[in-house]
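Dear colleague,

I am handing over the model we spoke about, with the sequence and coordinates placed just below. My notes on what was found in it follow after that.

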Amino acid sequence: IDSFSRWYTPVAMIISLLVIVVSPLLFDGDWDTWVYRGLAVLLIACPCALVVSTPAAVASGLASGARIGLLIKSGAALEALGKVKTIAFDKTGTLTLGKPKVADVVVLQGSEEHLLAKASAVERGANHPLGQAILAEATRRALDIPRAFGGSTITPGKAVTARVMSGFVSVGSPRYAEEQAILDANLKRKISALEEAGKTVVVVLEARRLLGLIALRDEPRPDAREGLEEIRALGIKTVMLTGDNARTGEAIGRALDIDVRAELLPEDKLQAISAYRALAHIAMVGDGINDAPALAAASVGIAMGGGTDVALETADVAILKDRVTGVAE
């Protein structure tokens with residue numbers, strides 16, 4: 001309506017002025033009569049109805065979304081959604097269920113129970129799905145989890161470290177272990193095989209000694225493929241941005257038929273969203289703390305309803321029913 005009024009309002013004023021002056025000047029009309037008629041034209045031409053219709057249409061759209069479980073926080077977000085050309089998705093908890101389970105435990109020192117117990121001591125109280133999955137497996141096996149002293153230290157996108165009775169234990173990505181120069185060729189092959197099967201691998205280290213590997217698998221949401229197909233049917237491109245390793249990301253990408261950009265730290269996701277936005281309007285769909293910067297940087301941020309409070313607070317739209325098909329809706 002702002003764009004429309006830029007030309008409509010001046011045109012309406014010019015027409016009103018012509019009504020006032022043309023008849024008295026050219027046809028000897030009565031000035032009082034034609035001034036009133038000119039003001040009448042200006043009054044009727046004033047786009048009050050159009051201005052009122054805009055918030056009414058927006059309110060109707062917001063209400064329609066709410067009825068099907070879509071919380072759209074503003075008219076600006078609703079308008080921006082109509083301009084989106086690309087939608088970027090986080091993987092864990094967005095396109096997948098966000099409830100990974102321990103699939104394999106590869107022991108290099110000690111036993112499976114020893115490895116899981118130490119990893120659980122580091123991850124106790126963690127809000128990351130992988131950490132919760134390791135803790136759930138230790139609980140299922142009724143393991144005695146050692147106490148961690150002084151809380152955990154997080155290296156974003158790489159590892160979590162805590163001190164237990166025997167020393168400092170870290171649970172991190174293979175990339176983190178590679179930076180510590182403690183992965184040999186045999187272990188790299190083993191990690192690659194697990195990742196190509198669509199599993200996420202974490203390494204457990206103690207005092208720079210590799211205790212073992214834990215492989216976890218997170219299944220795609222049942223409606224993920226359908227939801228992505230509905231989006232593409234609208235002529236909108238889709239891409240998955242994940243901090244997971246490239247092989248695991250590609251395995252999920254093949255299953256869902258979506259382009260993948262993997263091994264992205266939170267700042268990398270932010271840069272990717274900024275680059276997309278420089279070309280066209282983009283929406284970001286996520287659920288976690290790590291997604292918050294990208295959600296804020298996108299033209300429209302969309303949070304899954306089961307996500308963290310930070311994601312829900314940052315996003316412009318929340319899908320309360322926690323369905324990927326809600327994005328197309």
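What volume does the second largest pocket have? The second largest pocket has a volume of about 300 Å³, where a pocket is an open set of points, on a 1 Å grid over the protein atoms alone, with protein on both sides within 12 Å along at least five of seven lines, and where a volume is the space filled by probe spheres set on the points, which are joined across faces, edges and corners.

Before the details, please note that this is a predicted model, in which local features need pLDDT of at least 70 and side-chain atom pairs count only at pLDDT 80 or more, while totals for chains, interfaces and linings use all residues. Residues are numbered from 1 along each chain as its sequence is written, and side-chain values use heavy atoms, with hydrogens and water left out.

The pocket and the cavity

The second largest pocket is lined by 20 residues, and Leu 81, Gly 326, Val 327, Ala 328 and Glu 329 are those nearest its centre; a lining residue has an atom within 4 Å of a point. Two or more lining residues come from each of α3 (48-67), β1, α4 (75-81), β13 (317-319) and α15 (325-328), and α15 gives the most, with three residues. Helices (H or I, at least four residues) and strands (E, at least two) are DSSP runs, numbered from the N terminus. By class, this lining has 16 nonpolar, three polar and one charged residues, with Ala, Val, Leu, Ile, Met, Phe, Trp, Tyr, Cys and Pro counted as nonpolar, Asp, Glu, Lys and Arg as charged, and the others, Gly among them, as polar.

A search of the whole structure finds one cavity of 30 Å³ or more, a cavity being a set of points where a 1.4 Å probe fits but cannot get out. The volume of the largest cavity is about 30 Å³, and its lining consists of Lys 91, Gly 198, Thr 200, Leu 216, Arg 217, Asp 218, Thr 248 and Ile 252. Both β8 (209-217) and α11 (246-256) supply at least two residues of this lining, which by class has two nonpolar, three polar and three charged residues.

The sheet and the other strand pairs

Seven strands form an open sheet with mixed pairing, in the order β1-β13-β12-β11-β2-β9-β10; two strands pair if DSSP finds at least two bridges between them. The edges are held by β1 (70-72) and β10 (259-261), each with a single partner strand, so one side of each is left without a neighbour in the sheet. Within the sheet, β2 (residues 86-89) and β9 (residues 237-241) run parallel and are joined by four bridges, with Thr 86 opposite Lys 237 in β9.

Elsewhere, β8 pairs in the antiparallel sense with β7 (residues 200-206) over seven bridges, and six bridges join β8 to β3 (residues 101-107), again antiparallel. Gly 212 in β8 stands opposite Val 204 and also opposite Val 107. The hairpin of β7 and β8 has two residues between the strands, and Ala 207 in its turn has a positive phi of about 50°. Seven of the nine residues of β8 are buried, buried meaning under 20% relative accessible area, with a 1.4 Å probe and protein chains only.

A further hairpin is formed by β4 and β5, with three residues between them and a positive phi of about 75° at Gly 157 in the turn; these strands, residues 149-155 and residues 159-164, pair in the antiparallel sense over five bridges.

Cores and buried residues

The largest nonpolar core has 26 residues, and those with the most contacts inside it are Ile 87, Phe 89, Leu 95, Ile 302 and Val 327. Such a core is a set of buried Ala, Val, Leu, Ile, Met, Phe, Trp, Tyr and Cys residues joined through side-chain atoms within 4.5 Å. A second, separate core of 23 residues includes Leu 116, Ala 119, Ala 138 and Leu 211.

Met 284, found in strand β11, counts as buried at 0% relative accessibility. Glu 195, placed in helix α9 (residues 185-196), likewise counts as buried, at 2% relative accessibility, and its C-alpha is 9.7 Å from that of Asp 244, 49 residues apart in sequence.

With kind regards

Definitions and conventions: Buried means under 20% relative accessible area, exposed over 50%, partly exposed in between (1.4 Å probe, protein chains only).
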